[in-house]
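Visitor: Hi, I've just opened this one and have never looked at it before. Can you walk me through it?

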Amino acid sequence: MDILLTVSTVAETAVAAADYSRLFDLDLQLLQDAVLTLIAVFSLFLVASYFLFNPAREFLRKRQETIKNDIETAEKNKKEAITTKEEYENKLKDIDKEAQVILSEARKKAVENENRIIANAKEEAARIIERAGVEADLEKKKAVDDMKKEMISIASIMAGKVVSASIDTTVQESLIEETLKEMGDTTWVS
């Protein structure tokens, strides 16, 4: 403090001794205050730059790197999306062809199944017709046999009434057999 007082007294005497012909009226006190203010501002700038500006700069640098990485990733993803889109478009073009192939194969299989089912149905119908023919023949033979039995019983009843007392059973059976032989099998079939 003593130094400042001495400096200020020296400055006052120098100012008093000087004449007032100065342009800006700069005195020593004003210069000292300006220098001290500059030193204080510079020291505040250094402190602020260390505690405030450097972290802010570091934050901005990291943010720039993040944005740069995001942009690069976005561009990479865009390129991948374009290639994937092209692949899918090519696949979509191929899908139409594959669908046509699948449909034609399905049609072929359907025709084959249809032909197989029709062939099976025809075979089944032929078996049914054959079975019906066999059954009709059996029914016909059965009807002929029933008719023969009926005719035999009618003939025996008639013969029994005609010759009731004089002919015995052996003669009666021989007469029936002869009659049947004379008539033949063709009579019964038609």
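Guide: Here is a short tour, from the overall fold to a few side chains.

Guide: This is a predicted model, where local features need pLDDT of at least 70, side-chain atom pairs count only at pLDDT 80 or more, and totals for chains, interfaces and linings use all residues. Residues are numbered from 1 along each chain as its sequence is written, and side-chain values use heavy atoms, with hydrogens and water left out.

Visitor: OK, what is the average pLDDT of the chain?

Guide: The average is 80, and 77% of the residues score at least 70. pLDDT is the predictor's confidence in each residue, from 0 to 100.

Visitor: How many helices and strands are there?

Guide: Four helices and zero strands. Both are DSSP runs numbered from the N terminus: helices are H or I with at least four residues, strands are E with at least two.

Visitor: Which elements have the highest and lowest mean pLDDT?

Guide: H2 has the highest, at 87, and helix H4 (residues 185–189) has the lowest, at 55. Where pLDDT is low, the predicted coordinates should not be read in detail.

Visitor: How much of the chain is buried?

Guide: Of its 190 residues, 4% count as buried. Buried means under 20% relative accessible area, exposed means over 50%, and partly exposed is in between (1.4 Å probe, protein chains only). Leaving out residues up to four places away in sequence, Ser49 touches Asn54 and Pro55 (contact means heavy atoms within 4.5 Å).

Visitor: Switching topic: which residues form the nonpolar patch on the surface?

Guide: Phe42, Phe45, Leu46, Val47, Tyr50, Phe51, Leu52 and Phe53, with about 880 Å² of accessible area together. Patch members have over 30% relative accessible area and no salt bridge; like charges are joined within 9 Å, and nonpolar side chains (Val, Leu, Ile, Met, Phe, Trp, Tyr) within 5 Å. The areas come from the Shrake-Rupley method with a 1.4 Å probe, and for residues only the protein chains shown count as cover.

Visitor: How many aromatic pairs are there?

Guide: Two. Rings of Phe, Tyr and Trp (its six-membered ring) pair if their centres lie within 6.5 Å; planes under 30 degrees apart count as stacked, over 60 as edge-to-face and the rest as tilted. Phe45 and Phe53 have ring centres 5.9 Å apart and planes at 50 degrees, so that pair is tilted. Tyr50 and Phe51 pair edge-to-face, at 4.9 Å centre to centre with 85 degrees between the planes.

Visitor: Is Phe51 buried or exposed?

Guide: Phe51 is exposed, at 57% relative accessible area. Tyr50 counts as exposed too, at 56%.

Visitor: And how many salt bridges does the whole structure have?

Guide: Three. A salt bridge is a side-chain nitrogen of Lys or Arg within 4 Å of a carboxyl oxygen of Asp or Glu. Glu58 meets Arg61 at 2.1 Å, N to O, and Arg61 meets Glu65 at 2.5 Å.

Visitor: How far apart in helix H2 are Glu58 and Arg61?

Guide: They are three residues apart, so about one helical turn separates them. Arg61 and Glu65 are four residues apart in helix H2, again about one helical turn.

Visitor: What does Arg127 form a salt bridge with?

Guide: With Glu124, the closest N and O atoms being 2.5 Å apart. Both lie in helix H2, three residues apart.
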